[in-house]
Amino acid sequence: MNGPREEITRRLEARRAAVARLDRADARIAWGRLAIFAAGAALAWLAWGQHRLSAGWLLGPLAAFVALAVVHDRVLSARARARRAVAFHTAALARMDGTFAGAGAGGERFADPAHPYALDLDLFGRGSLFELLCAARTRPGEERLAAWLLHPAPAAEGRARQRAIASLAPRLDLREDLAVLGEDVRAGVDAAGLAAWGEAAPLLPAFVRPAALALAALAVAAAVAWGVGLGQAPLLLVLLGEWAFSRVLRGRMAHVLGGVEHPAAELRVLALLLERLEAEPLDGDARLGALQASLRGAGAPASVRIAALVRVVARMEWGRNQFFAPLAFALAWGPLHAAAVERWRAASGRGIRRWLEAVAELEALSSLAGYAYEHPGDAWPELLDGGPGRGPILEAEGLRHPLLPGAVPNDLRLGGEGPRVLLVSGSNMSGKSTYLRTAGVNVVLALAGAPVRAARMRLTPVQAGATLRIQDSLQAGKSRFYAEITRLKELADLAAGPFPLLFLLDEILHGTNSHDRRIGAEAIVRGLLDRGALGLVTTHDLALTELGGSDGVLANGHFEDQVKDGEIAFDYRLRPGVVAHSNALALMRAVGLRV
């Protein structure tokens with residue numbers, strides 16, 4: 001079997017060849033339609049201009065033109081799917097090469113500045129972890145994936161996700177199909193609003209449908225009567241009655257139809273996704289099987305029911321066509337379709353929440369499965385059960401940052417038989433902050449259920465919290481130091497939560513003097529340890545490295561550089577102990593400052 005890169009490359013070449021073939025077919029059909037049109041025009045001239053031919057001769061070109069139009073539409077649809085498949089596989093190779101930034105969904109709306117690590121670990125935005133992972137086509141799928149990145153899962157839940165993701169990882173056909181189905185839109189279904197709409201009490205009286213049918217029948221009868229010479233008064237009376245009928249129900253009809261009119265295109269995509277997910281054999285994993293069963297349910301499956309609603313919405317939109325609108329009014333088009341939507345809600349509305357939940361879960365799992373497939377060298381972390389009598393553990397070998405293709409691997413050991421806090425010193429630009437981000441982002445991946453960028457990793461569930469992106473605020477009147485101590489207080493409160501805290505403190509308290517920094521840093525770190533936390537602390541202040549005592553609870557590690565011939569070089573390797581020198585003066589001189 002081909003490896004992931006070879007298989008994706010093979011498929012990309014095949015899809016590009018399909019696009020080229022369909023481009024040629026498109027050109028041939030376009031020329032054919034033009035030729036048939038020209039032949040039809042010539043026959044029309046002969047039939048009506050010279051009277052040499054019967055008009056019946058025009059039926060042949062007309063039938064050929066219609067047949068070619070149908071074939072042309074199929075060719076254009078197939079080419080659109082092939083182009084989306086090319087984009088899908090191109091994006092996969094970009095993710096594998098680390099050149100994906102800006103090509104996918106960054107999930108910026110999930111980047112909450114108040115979250116304890118979302119901004120610090122680059123979870124959202126251009127070139128973010130979310131952009132690397134997300135392949136969801138629906139808003140609920142994006143929201144579910146974001147929630148998994150923002151909130152750690154218990155070990156049992158994480159292991160269940162791992163099994164489901166491992167089962168989905170080889171299913172490249174499924175992920176490609178999900179990527180190319182339907183319009184090239186990212187569905188914007190408001191899951192909560194649509195579910196509430198489906199579960200709401202009936203808004204239209206039961207008599208609306210028979211009354212609308214009766215009015216439509218009367219309008220047809222009155223139009224026929226007018227046509228046979230009985231006058232237009234009956235038709236005008238019926239139309240006046242229809243106007244009054246619609247006017248009385250206008251508010252209720254708007255509420256009924258408003259829940260489905262706006263996400264019509266997204267619902268079409270959702271119906272296609274549901275149909276594809278229902279067809280995939282997912283009974284190899286209990287979690288996936290249960291999700292699929294919730295889509296199939298009793299009676300008609302979710303895809304059939306959503307497709308029926310989409311058809312109602314499509315017919316409803318005909319009434320806005322300027323040519324059809326007068327006829328639609330006469331046929332009580334609005335009330336009839338509002339009643340049809342109400343009937344659909346009564347029969348299927350309560351299933352919407354369950355279907356959207358299942359789609360969200362399957363899309364989030366599929367996104368992480370795509371990541372697992374595209375990065376076969378990543379390891380599945382061992383998720384350990386925490387709880388009373390067992391302190392938090394975080395151990396990793398060959399740990400690298402998933403957003404940095406050329407990252408240097410380093411080991412990490414916190415808790416268990418290792419120290420609970422590692423004080424990381426080092427020169428500027430040597431890799432201290434990146435080391436904290438590497439640890440944090442891999443913990444996020446592990447507790448979401450995904451593989452991690454490491455040779456091996458084992459951990460108990462922890463709640464991460466960081467001070468890597470603390471900034472001052474002119475509008476809020478907060479200095480950076482005040483913003484940092486506010487975040488530190490939030491992390492202390494988090495340490496009392498359901499999961500032990502993993503704190504990632506970058507340049508702790510560097511906004512104050514050395515004396516206060518030494519006393520404050522020790523008090524903060526010791527206080528977090530008393531609450532069962534573990535973590536990493538970076539500093540330029542070598543006085544803080546003295547916190548690492550002989551009890552083994554706090555240890556020192558460092559990154560360093562070498563200056564050769566006036567050039568500064570970094571190897572980004574973590575070493576034990578305290579850094580022996582600083583490169584600050586050398587960096588100042590390197591940029592031209594006279595120091």
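**A close look at the largest cavity and its surroundings**

Guide: Happy to! Sorted by class, the residues that line the largest cavity are five nonpolar, three polar and three charged. Please keep in mind that this is a predicted model. The cavity holds about 70 Å³ of space, and the model has three cavities of 30 Å³ or more.

Which residues line the largest cavity? They are Phe88, Arg95, Leu132, Leu133, Ala135, Arg175, Ser366, Ser367, Gly370, Tyr371 and Glu374. Helix 15 gives the most, with five residues.

Let us stay with helix 15, then. This helix covers residues 352–374, and its axis comes within 8 Å of the axis of helix 5, which covers residues 155–168. Two packed helices are described by the angle between their axes and the distance between the axes. For helix 5 and helix 15 the crossing angle is roughly 65°, and the crossing is right-handed. On the helix 5 side, the residues that meet helix 15 are Arg161, Ala164, Ile165 and Leu168. On the helix 15 side, their partners are Leu365, Ser366, Leu368, Ala369 and Ala372. The residues of this contact divide into seven nonpolar, one polar and one charged. Look again at Ser366: this residue takes part in the contact with helix 5 and also lines the largest cavity.

For comparison, let us visit the second largest cavity, with about 50 Å³ of space. What classes of residue line this one? Its lining has nine nonpolar residues, one polar and no charged ones. Among the lining residues are Tyr117, Trp148, His151 and Pro152, along with Val443, Val444, Leu447 and Ala448. Here helix 16 gives the most, with four residues.

Helix 16 leads us to a sheet. Six strands form this open sheet in the order 6-7-8-4-9-12, with mixed pairing. Its edge strands are strand 6 (463–466) and strand 12 (575–576), each pairing on one side only. Helix 16 (residues 432–448) packs on the sheet and touches strand 4, strand 7, strand 8 and strand 9. The direction of helix 16 makes about 160° with that of strand 8.

Notes
Residues are numbered from 1 along each chain as its sequence is written. This is a predicted model: local features need pLDDT of at least 70, side-chain atom pairs count only at pLDDT 80 or more; totals for chains, interfaces and linings use all residues. Side-chain values use heavy atoms; hydrogens and water are left out. Axes are lines fitted to C-alpha atoms, for helices over the stretch in contact, and angles run from 0 to 180 degrees between N-to-C directions. Helices (H or I, at least four residues) and strands (E, at least two) are DSSP runs, numbered from the N terminus. A crossing is left-handed if the near helix is turned anticlockwise from the far one by less than a right angle, and right-handed if clockwise. Contact means heavy atoms within 4.5 Å. Ala, Val, Leu, Ile, Met, Phe, Trp, Tyr, Cys and Pro count as nonpolar, Asp, Glu, Lys and Arg as charged, and the others, Gly among them, as polar. Two strands pair if DSSP finds at least two bridges between them. On a 1 Å grid over the protein atoms alone, a cavity is a set of points where a 1.4 Å probe fits but cannot get out, and a pocket is an open set with protein on both sides within 12 Å along at least five of seven lines; lining residues have an atom within 4 Å of a point. Grid points are joined across faces, edges and corners, and a volume is the space filled by probe spheres set on the points.
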